[in-house]
Amino acid sequence: MAMKKKPMKKAAKKAAKKVAKKAVKTTAKKPVAKKAVKKPIKKATAKTTKIVGGSDADLKTSLVELIRVTSAELPDDVQKVILEALEREEKNTTAEYAMNIIKANIDLAKKKSQPLCQDTGTVLFYVYHPVGFNQSKFTKLIQDSVVEATKKGYLRQNSVDSLTGENSGVNLGPGHPSIHFHEYNGASVKVKLMLKGGGCENVGAQYSLPHTALGAGRDLDGVRKVILDAVHKAQGKGCGPGVLGICIGGDRGAGYIESKEQLLRRLDDTNSVPSLAELEKEIVETSNKLGIGPMGFGGKTTLLGCKVSALNRLPASFFVSISYMCWAYRRQGIELGDKNQIKKWLY
Amino acid sequence: MKKLNFPFTHEAVRELKVGDMVLITGKLFTGRDAVHKRLHDGVKPPVDLSNQIIYHCGPVILQDKKTGKYQVTAAGPTTSIREEPYQADVMKDYGIVGVIGKGGMGPKTLAGCKEYGCVYFHAIGGAAQVLAEKIDSVDAVHWLDLGSPEAIWELSVTEFPVVVTMDAHGNSLHAEVEKNSAAALKEVL
C-alpha cells in the first residue's frame with residue numbers, strides 16, 4: 001500500500017509535509033488497511049517482528065510510488081524558480097507564452113498524476129544504503145518496479161536496443177535503469193530518482209582544457225568560458241530554461257557521472273566551496289544575458305540554476321563535464337522506513 | 001493568437017510569419033526519427049501525407065485492454081534537429097504543409113519551407129500534459145513495428161498551441177536568436 005500519496009502541497013510545503021508524515025504514521029498503524037481494494041499490508045501480525053526491510057512487495061510499492069511522483073510532480077525548489085522566471089519575462093512575448101504553458105503543464109500533470117513530459121527519460125536511481133546491504137536483490141526490485149511503473153504509464157516505453165533498434169517495452173536492458181549505489185554510515189536506505197529526458201541529455205558536453213578557439217585555459221575562467229559556450233550551443237534544444245550540473249576534473253567517465261549527481265542538489269543550496277559558489281552564480285547571471293530565453297525563443301531566462309563540483313584530475317587532463325537538465329527537472333527521493341514504507345520524502 | 005484549421009493548405013501556412021502564436025485544429029501525424037529515416041529510405045508512407053502536418057512526437061500511449069482503444073497520456077514535442085537531414089525531402093516528396101517540433105531546425109529545412117510552402121511550428125517542449133489535453137482522439141496507428149514512441153499516430157486535435165519559428169519566407173527565429181546570442185557570448189568571453 002502506498003505509504004503516502006504525496007500531498008498536493010504548494011507554498012506551505014513544510015507544514016504540509018509534516019501533516020503528510022503524520023498521515024503516513026496513522027495509516028501505517030492501522031494493521032489491516034481500510035482500503036482492501038488493493039493489496040493489503042502483508043504483515044498484519046508483523047508488529048513484533050522488527051525486521052529492517054519489510055517485504056519485497058512493500059518495497060516495490062514504495063518504489064513505484066517514487067516513480068509516479070517523480071514523473072508527475074516537480075519538486076518545490078524547481079517550481080519556485082520556474083515561477084520566478086515567468087514573472088521576469090516581458091508580457092505578451094513568446095517567452096512569456098512558453099513559461100505560462102510550462103506553468104499550466106506542471107499544475108495539470110500533478111492534478112492528473114500523469115507524466116509531466118512524455119519523455120520520461122533515462123531512469124537514474126541513486127541508492128544510499130548502510131553497510132551489509134544486498135545490492136543485487138535491491139537491483140532486482142528496482143527493475144520490477146520500473147516494469148510496473150511502465151505498465152501503469154508513469155514511464156514511457158523508452159529503452160531501445162542500440163544494435164537492433166528494438167524497444168524492450170518495459171524499460172529494461174543493458175544499462176537500463178541506471179542504478180548507482182553509495183554506502184554510507186546510516187541505518188536507513190534512501191533512494192533518489194531522476195528522470196532525465198533525451199533532449200537535454202543530447203546537449204550535454206565535455207570540454208578538454210585548454211580550449212584554444214574559446215581562449216579557455218586551465219583555470220576557473222577557462223571553465224567559465226567553456227560552460228557559457230555549452231549554454232550557447234544548447235540554445236533552446238534542451239528545453240530551456242535549464243539547469244546545469246557540472247564537474248571540473250575527473251576522467252571522462254567520472255566527470256559525467258559527477259555532473260549528473262550535482263543535479264541531485266537542491267537549487268537553493270549554497271556550494272560549500274566559495275569559489276564554486278561564485279562560479280555557479282556567475283554562470284546563471286551571465287547566461288541569462290545571452291538572450292536565448294525559454295525554448296530558445298529569446299528572453300530573459302536561459303538558465304534556472306547551475307551546480308558545480310570538482311574531482312581530482314591527472315596532470316595531463318583537465319575536463320569540464322556538463323549535464324544539462326531541462327525545465328522538466330524531475331527528481332525526487334525517499335527514505336525507507338523499517339517496513340519498507342515511504343518514511344520521508346527527500347525534496 | 002491566430003488559428004489554423006483543417007483542411008490545411010499551403011496558401012494558409014504561407015500567410016503565417018515568425019513569431020505568430022497559432023492554435024491548430026484538425027489532424028496531426030506523429031513522426032520522429034525512425035519514421036523520417038524510413039520515408040527518406042524510400043518506403044511509401046502508409047497514409048497520404050499531402051497537406052498534412054507531421055508532429056515530431058513520441059507520445060505515451062495506453063491501450064484499453066477491453067476495448068483496444070488507444071489513449072494519449074502525454075504528448076509533447078521531441079527535438080527536431082535530428083530530422084534535419086530528411087525533413088526538406090519529406091516536404092518535397094510527400095507534400096506536407098508543416099511540421100511541429102521543438103528546438104528548431106537548420107538551413108536545409110528552412111530552404112525547404114520556402115520552396116515547398118511549409119512552416120515550422122514550435123510546440124512547448126516538455127508540456128506533455130497541456131498538449132495531450134488538446135488531443136481529442138487517436139484515430140489510427142501505423143508502423144507500430146517501430147515501437148510505440150516511433151510509430152505514426154494519427155491524432156485529432158483542437159486548438160493545439162504552437163509558435164511559428166520558421167516561416168515559408170526564409171525567416172527563422174532560431175537563426176536570429178543564435179546570431180544575437182553568439183554576439184552576446186563574444187562580449188562575455
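This is a predicted model: local features need pLDDT of at least 70, side-chain atom pairs count only at pLDDT 80 or more; totals for chains, interfaces and linings use all residues.

Me: How do you know that the radius of gyration of chain B agrees with that of a compact globule?

Reply: The radius is taken over C-alpha atoms, and the globule rule is 2.2 Å times the number of residues to the power 0.38. For 189 residues the rule gives a value near 16 Å, and chain B has 16 Å, so the two agree. Along its principal axes, the C-alpha trace of chain B spans about 60 × 35 × 30 Å.

Me: What makes a residue of helix α3 of chain B count as buried?

Reply: A residue is buried if 20 or more other C-beta atoms lie within 10 Å of its own, exposed if 12 or fewer, and partly exposed in between, with C-beta atoms placed from the backbone. In α3(B), residues 84-94, the buried residues are Tyr86(B), Gln87(B), Ala88(B), Val90(B) and Met91(B). Their cover includes α2 (33-40), β6 (98-101) and α4 (107-116) of chain B. Just after α3(B), Gly95(B) has a positive phi of about 70°. Over the whole of chain B, 51% of the 189 residues count as buried; for chain A, buried residues make up 48% of 347.

Me: What makes a run of residues a helix or a strand, and how many of each does chain A have?

Reply: Both are DSSP runs numbered from the N terminus: helices are H or I with at least four residues, and strands are E with at least two. By that count chain A has nine helices and nine strands, and chain B has six helices and nine strands.

Me: Why are β1(A) and β3(A) called paired?

Reply: Two strands pair if DSSP finds at least two bridges between them. β1(A) and β3(A) have seven bridges, in the antiparallel sense, so they qualify. Phe125(A) stands opposite Leu193(A) in β3(A). Both strands belong to an open sheet of five with mixed pairing, in the order β2-β1-β3-β8-β9 of chain A. β2 (178-183) and β9 (342-345) of chain A are edge strands, as each pairs on one side only.

Me: What counts as a contact, and how many residues of each chain take part where chain A meets chain B?

Reply: Two residues are in contact if their C-beta atoms, placed from the backbone, lie within 7 Å. By that test 44 residues from chain A and 41 residues from chain B take part. The largest share of the chain A side, 10 residues, comes from α4(A). That side has 21 nonpolar, 17 polar and six charged residues, where Ala, Val, Leu, Ile, Met, Phe, Trp, Tyr, Cys and Pro count as nonpolar, Asp, Glu, Lys and Arg as charged, and the others, Gly among them, as polar.

Technical notes. Residues are numbered from 1 along each chain as its sequence is written. Chains are lettered from A and ligands numbered from 1 in the order in which they are written.
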